[in-house]
Amino acid sequence: MTIPPGENAETKLGRGHKVLRFVRLQNAFLFMERYAEITEKRKREIALLRGRGCAYEHVTGKCGDWEIINIGSVIESDGRMLELIKDICRTRKIGTFYFESHYMCGNKLDSMRGYFGGIDTEFKPGVETFDRDLRENVLKKGIAESDPSVIARGFDEADFLFGIMGQTVESMRRDIEPGLEHFERICVNLIYGNSTPVKPDGKVVEIFVRELNPIYAGCDRVDIPINNTDFEVGS
């Protein structure tokens, strides 16, 4: 879907729980390609931010919570971006703000929380799996720790990745259950085709959708974007 500069388009995805607004604006340093309002489970506004352009005005604060996705590790973000984000939170009266952060930046989370003083700031690493061999030898995540309780220290939520060759119902359950034990919330993502060497296994995806999605889809502490466009970059 191609949106000409300055024009907007809206569409509903899935069961209608989300409205996506694609926006292209110029001459500013922060670029939100996607804005959405999540009305199921944890209500929040969600936005994709990138290094050019600006559409932050679509964040209204109506839900009180705001999540930024696909920013990488917020701690490594440009200082001007952080200042703008903090200003948005204050002017829109955002009570809780959710960031992605690399596990390796875990020792800097408290200082970042201090930077956003007065705003409840929560962090989510891409753990992907507690299977250390898969995570480090295949996904190359750079998380040497094996103990889920240690991995979770300082973090509030976590992303997991399913649909990889070799994963089973049991192995995926061994990710979900400790995830719920040690994190406030988790997001289960299904891998789809991309440019990385790690390719999806359709049979594993089918197994998850058939066996595990019915169990956890109704859990308020679990997000499961079945379609890869639910939380990802739109074009």
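What follows is a chat about a predicted model and its strands, helices and cysteines.

Colleague: Before we start, what are the ground rules here?
Modeller: This is a predicted model, where local features need pLDDT of at least 70, side-chain atom pairs count only at pLDDT 80 or more, and totals for chains, interfaces and linings use all residues. Residues are numbered from 1 along each chain as its sequence is written, and side-chain values use heavy atoms, with hydrogens and water left out.

Colleague: Thanks! In what order do the 4 strands of the open sheet come?
Modeller: The order is 8-9-10-11, with parallel pairing. Helices (H or I, at least four residues) and strands (E, at least two) are DSSP runs, numbered from the N terminus. Two strands pair if DSSP finds at least two bridges between them.

Colleague: And which are the edge strands?
Modeller: Strand 8 (126-128) and strand 11 (222-223), each of which pairs on one side only.

Colleague: How many bridges join strand 9 to strand 10?
Modeller: There are 6, and the two strands run parallel. Ala158, for instance, has Ile186 of strand 10 as its bridge partner. Right-handed means that, with the strands pointing away from the viewer, the path from the first strand over the helix to the second runs clockwise.

Colleague: What does Ile186 pair with in strand 11?
Modeller: Val222 is the bridge partner there. Strand 10 and strand 11 are parallel too, over 2 bridges.

Colleague: Is strand 10 buried or exposed?
Modeller: Buried: 6 of its 6 residues are, so strand 10 is largely enclosed by the rest of the structure. Buried is under 20% relative accessible area, exposed is over 50%, and partly exposed is in between (1.4 Å probe, protein chains only). In a regular strand the side chains alternate between the two faces of the sheet. Here Arg185, Cys187 and Asn189 are buried on one side, and Ile186, Val188 and Leu190 on the other.

Colleague: Back to helix 5, what does it touch on the sheet?
Modeller: Helix 5 (residues 169-182) packs against strand 8, strand 9, strand 10 and strand 11, and its direction makes about 175 degrees with that of strand 9. Contact means heavy atoms within 4.5 Å. Axes are lines fitted to C-alpha atoms, for helices over the stretch in contact, and angles run from 0 to 180 degrees between N-to-C directions.

Colleague: Which residues of helix 5 are buried, and what covers them?
Modeller: The buried ones include Val169, Met172, Ile176 and Leu180. Among the elements covering the buried residues are helix 4 (148-151) and helix 6.

Colleague: How does helix 6 lie on the strands?
Modeller: Helix 6 lies across strand 9, strand 10 and strand 11, at about 155 degrees to strand 10. Asn213 sits in helix 6 (residues 202-216) and is buried, with a relative accessible area of 16%. Leaving aside residues up to four places away in sequence, Asn213 touches Phe208, Ile224 and Ile226.

Colleague: New topic: how many disulfides are there?
Modeller: A search of the whole structure finds 0, a disulfide being a pair of cysteine sulfur atoms within 2.5 Å. Cys105 is buried at 5% relative accessible area, while Cys219 is partly exposed at 23%.

Colleague: Last one, how do strand 6 and strand 7 pair?
Modeller: Strand 6 (residues 96-100) and strand 7 are parallel over 5 bridges, and Glu100 has Lys124 of strand 7 as its bridge partner. The chain goes from strand 6 through helix 2 (residues 109-115) to strand 7 in a right-handed crossover.
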